[in-house]
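Colleague: I've got this one open on my screen and I'd like to learn how to read it. Can you walk me through it, general idea before the particular case?

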Amino acid sequence: EVEKIQIKITSLSLTESRITADETIQQLFVECRLNNFLAEETPLSLPKLPSGQRIHYNYSTVINVDKEDNHAEREYLKSILLKPDLPADSLKFTVVSDPPEDEQDLECEDIGFAYVSLKEIFQKQRDIIEQDIDVFDSQDASALIGKLTVTVEALNALRSVHEECKNA
């Protein structure tokens, strides 16, 4: 079996915040990052919707972590399991504002962050399936700006890495 982490970004719903109020923020996409070496993003940026409505991405991606071809990713997973104090043990989801076509001088701007702890998936022995995770404002980490519905299936890969650590 190919060892992999499966990630699905289903949808995003925004709560009332500076994001919903800001008219320069019109199109949003979501990036998913594993530590510093792997980033995937939804191919489409979709129009921002009013608070409470879901923006549907239905985007899936796979991160392979097999020994043969994906050594760096695998070593990173090992470090998560072996070093309890490693701070960066999460998949990081970033909600990004994509400037409108006619405003190309504007930059893409990170507006919010959400996290899924891989260590926690292993500790609880439970994948995250279609779960709403909190998205916090990039300018104020205590301000909730929405919910991102995601699936992260990593348990099998983490178990396999853990077996390997035990047998090493």
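Predicted model: local features only at pLDDT ≥ 70, side-chain atom pairs only at ≥ 80, totals over all residues.

Colleague: Okay, leaving aside its neighbours within four places in sequence, which residues is Leu118 in contact with?

Modeller: Leu34, Leu77, Ile80, Asp89, Ser90, Leu91, Val152, Ala154 and Leu158, once those sequence neighbours within four places are set aside.

Colleague: How many residues does the largest nonpolar core have?

Modeller: Two terms first. Buried means under 20% relative accessible area, exposed over 50%, and partly exposed in between, with a 1.4 Å probe and protein chains only. A nonpolar core is a set of buried Ala, Val, Leu, Ile, Met, Phe, Trp, Tyr and Cys residues joined through side-chain atoms within 4.5 Å. Here the largest one has 44 residues, and Leu91, Phe93, Leu118 and Val152 have the most contacts inside it. Across the protein, buried residues make up 46% of the 168.

Colleague: Let's zoom out. How many helices and strands are there?

Modeller: Those are DSSP runs numbered from the N terminus: helices are H or I with at least four residues, strands are E with at least two. This protein has 4 helices and 9 strands. Starting at the N terminus, the order is β-α-β-β-β-β-α-β-β-α-β-β-α. The radius of gyration is 17 Å, close to the 15 Å from the globule rule for 168 residues, so the protein is as compact as a globular protein of that length. That radius is taken over C-alpha atoms, and the rule is 2.2 Å times the number of residues to the power 0.38. Along the principal axes, the C-alpha trace spans about 55 × 30 × 25 Å.

Colleague: And what share of the contacts is between residues 24 or more positions apart?

Modeller: Counting contacts with a separation of 6 or more, 63% come from residues 24 or more positions apart. Take Asp98, in strand S6 (residues 90-98): its C-alpha is 6.7 Å from that of Ser45, 53 residues away along the chain. Beyond its neighbours within four places in sequence, Asp98 is in contact with Gln27, Phe29, Ser45 and Cys108. With a relative accessible area of 21%, Asp98 is partly exposed.

Colleague: Now the loop between S4 and S5. Is Lys48 buried or exposed?

Modeller: Lys48 sits in the loop between strand S4 (46-47) and strand S5 (54-64), and with a relative accessible area of 18% Lys48 is buried. Ile25 is 23 residues from Lys48 in sequence, yet the two are 7.4 Å apart, C-alpha to C-alpha. Past the neighbours within four places, the contacts of Lys48 include Leu14, Ile19, Asp22 and Ile55. Leu49 is in that loop too, but at 27% relative accessibility Leu49 counts as partly exposed. Leaving out neighbours within four places in sequence, Leu49 touches Leu14, Arg54 and Ile55.

Colleague: Where is Arg54?

Modeller: Arg54 is in strand S5 and is partly exposed, at 36% relative accessible area. Apart from neighbours within four places in sequence, Arg54 is in contact with Ser11, Leu12, Ser13, Leu49, Asp132 and Thr149.

Colleague: What should I know about phi?

Modeller: Most residues other than glycine have a negative phi. In this model, Gln125 has a positive one, near 55 degrees. Gln125 lies in the loop between helix H3 (118-124) and strand S8 (128-137), and is partly exposed at 35% relative accessibility.

Colleague: And what is phi for Glu130?

Modeller: About 45 degrees, positive although Glu130 is not a glycine. Glu130 lies in strand S8, and at 38% relative accessibility it counts as partly exposed.

Note on methods. Residues numbered from 1 in each chain as written. Heavy atoms only, no water. Contact = heavy atoms within 4.5 Å.
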